[in-house]
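Dear colleague,

Please find below the structure that I am handing over to you. My findings follow directly after it.

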Amino acid sequence: MKNILISNDDGVLAPGILATKQALGDLANLTVVAPKENNSSVGRKVNIMKHLYLDKYELADGSEAYGLSGTPSDSVNVGINYVCDKKPDLVVTGINPGINISKSEITISGTVCAALEAVAQGVPAIACSLFLDDDCFKKDENGQWYVDADYSFAQKILVKLVKKVLDEGLSEGINLLNLNIPSKPLSDKIKITYLADKMLESNILEREDDDGNDTVMIVPKLVENFKEGTDGYCLLVERRPSLTPLNIDLTGRINEVGNWEF
């Protein structure tokens, strides 16, 4: 039986990681290693030469998981090279509540960068994210906001993709698959897409803190128009699962600067 390492950037007790584990339980032996706390939008931050604490946790279904006092990338590194008895066949990060798309923002995502860390360790990876519509955000009786997301459709799509990757592997030049799933789909057919140029428009607000000090706050908003064929268009306009193949090699067009002299 194949072996899969599961991680995320939302924390070891996040509902998305339990949803992933429950979805993939019949496909492989599963190990869960994730940050102890939420580490969203930390990118591929790693902790070098620092003491990291690794503790066992019990998930809501009674199964075992490991929580690390580090980042998503740290968790994948420790999972592959320390927790797992042997190198896993695949790393799956997510299911992340909130999308991770576009050239501009893809490397901000802790979910995607945890998958990139897997690739750096020689293991293919899938990053999986779920779009949250407005009605996923609710208030409790105390007026506190919380996320109420249904992971069932995302689980179904993720299982379909993981089966294919375990059976067939990834083609040469593809290290990582970035899967984004709508919460209110019009189709369950996965579409291969390109990265959109941008996911978020920058919006800087001036605010005073509680002590009266002037501050600035980055409050981005989602881009409204995406080009057809991109992950954003597929996900938000066509409302179907978007799958973008990625490669850890960020080298640009060398021939464009090949005749430069210094």
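A residue counts as exposed when its relative accessible area is over 50%, as buried when that area is under 20%, and as partly exposed in between. Please bear in mind throughout that this is a predicted model.

By that cut-off Glu-168 is exposed, because its relative accessibility is 58%. Its partner in a salt bridge is Lys-164, with 3.1 Å from N to O. Lys-164 has a relative accessible area of 47% and is therefore partly exposed. Both residues belong to helix α4, where they are 4 residues apart, about one turn of the helix. In an α-helix there are 3.6 residues a turn, so residues three or four places apart point the same way.

Helix α4

Helix α4 covers residues 152-168. Its 17 residues should span 24 Å at 1.5 Å a residue, and the end C-alpha atoms are 25 Å apart, which agrees. After α4 comes Gly-169, which has a positive phi, near 75°. The buried residues of α4 are Phe-153, Ala-154, Gln-155, Ile-157, Leu-158, Val-159, Leu-161, Val-162, Val-165 and Leu-166. They are covered by elements including β1, α1 (15-24), β5, β6 (125-130), β9 (176-181) and β15 (242-246).

The nonpolar cores

Which residues touch the most other members of the largest nonpolar core? They are Ile-4, Leu-158 and Val-162, in a core of 37 residues. At least two residues of this core come from each of β1, α1, β2, β5, β6, α4 and β9. The most is given by α4, with 9 residues. Leaving aside residues up to four places away in sequence, Val-162 touches Ile-4, Leu-24, Leu-27, Leu-90, Val-92 and Ile-126. Another core, of 24 residues, lies apart from this one, and Leu-5, Ile-80, Val-91 and Leu-195 are among its members. In soluble globular proteins, nonpolar side chains tend to be buried together.

Helices α2 and α3

Helix α2 (residues 72-83) is mostly covered, with 9 of its 12 residues buried. Among the buried residues are Pro-72, Asp-74, Val-76, Ile-80 and Val-83. Their cover includes β1 (3-7), β2, β3, β4 (64-68), β5 (90-97) and α3 (110-120). Helix α3 is likewise mostly covered: 10 of its 11 residues are buried. These include Gly-110, Cys-113, Leu-116, Glu-117 and Val-119. The buried residues of α3 pack against α2, β5, β6, β9 and β15.

Loop residues

Where does Ser-102 lie? Ser-102 is found in the loop between β5 and α3. Its relative accessible area is 0%, so Ser-102 is buried. Not counting residues up to four places away in sequence, Ser-102 touches Leu-195, Ala-196, Asp-197, Lys-198, Met-199 and Asp-231.

Leu-59 lies in the loop between β3 and β4 and counts as buried because its relative accessibility is 4%. Again not counting residues up to four places away in sequence, Leu-59 touches Val-12, Leu-13, Leu-18, Lys-21 and Ala-65. The C-alpha atoms of Leu-59 and Pro-15 are separated by 9.3 Å, although these residues are 44 residues apart along the chain.

Met-49, in the loop between β2 (29-35) and β3 (54-58), is exposed because its relative accessible area is 82%. Together with Val-46 and Ile-48, Met-49 forms a nonpolar patch on the surface, and the accessible area of the three together is about 370 Å².

Salt bridges

How many salt bridges does a search of the whole structure find? The search finds 12. One of them pairs Asp-148 with Lys-138, whose closest N and O atoms are 2.8 Å apart. Asp-148 lies in the loop between β8 (145-147) and α4 and Lys-138 in strand β7 (residues 137-139), so this pair ties together parts that are 10 residues apart in sequence. With a relative accessibility of 37%, Asp-148 counts as partly exposed, and Lys-138 also counts as partly exposed, at 34%.

A further salt bridge joins Lys-191 and Glu-238, with the closest N and O atoms 3.1 Å apart. Lys-191 lies in strand β10 (residues 191-192) and Glu-238 in the loop between α5 (231-236) and β15, so the parts tied together are 47 residues apart in sequence. Glu-238 counts as partly exposed, at 23% relative accessibility.

With kind regards

Terms used:
Residues numbered from 1 in each chain as written. Predicted model: local features only at pLDDT ≥ 70, side-chain atom pairs only at ≥ 80, totals over all residues. Heavy atoms only, no water. Patch = residues over 30% accessible without salt bridge, like charges linked within 9 Å, V, L, I, M, F, W, Y side chains within 5 Å. Areas by Shrake-Rupley, 256 points an atom, 1.4 Å probe, with all protein chains shown as cover. Salt bridge = Lys/Arg side-chain N within 4 Å of Asp/Glu carboxyl O. Buried < 20%, exposed > 50% of the residue type's maximum accessible area, 1.4 Å probe, protein only. Contact = heavy atoms within 4.5 Å. Expected span 1.5 Å × (residues − 1). Core = buried A, V, L, I, M, F, W, Y, C linked by side-chain atoms within 4.5 Å.
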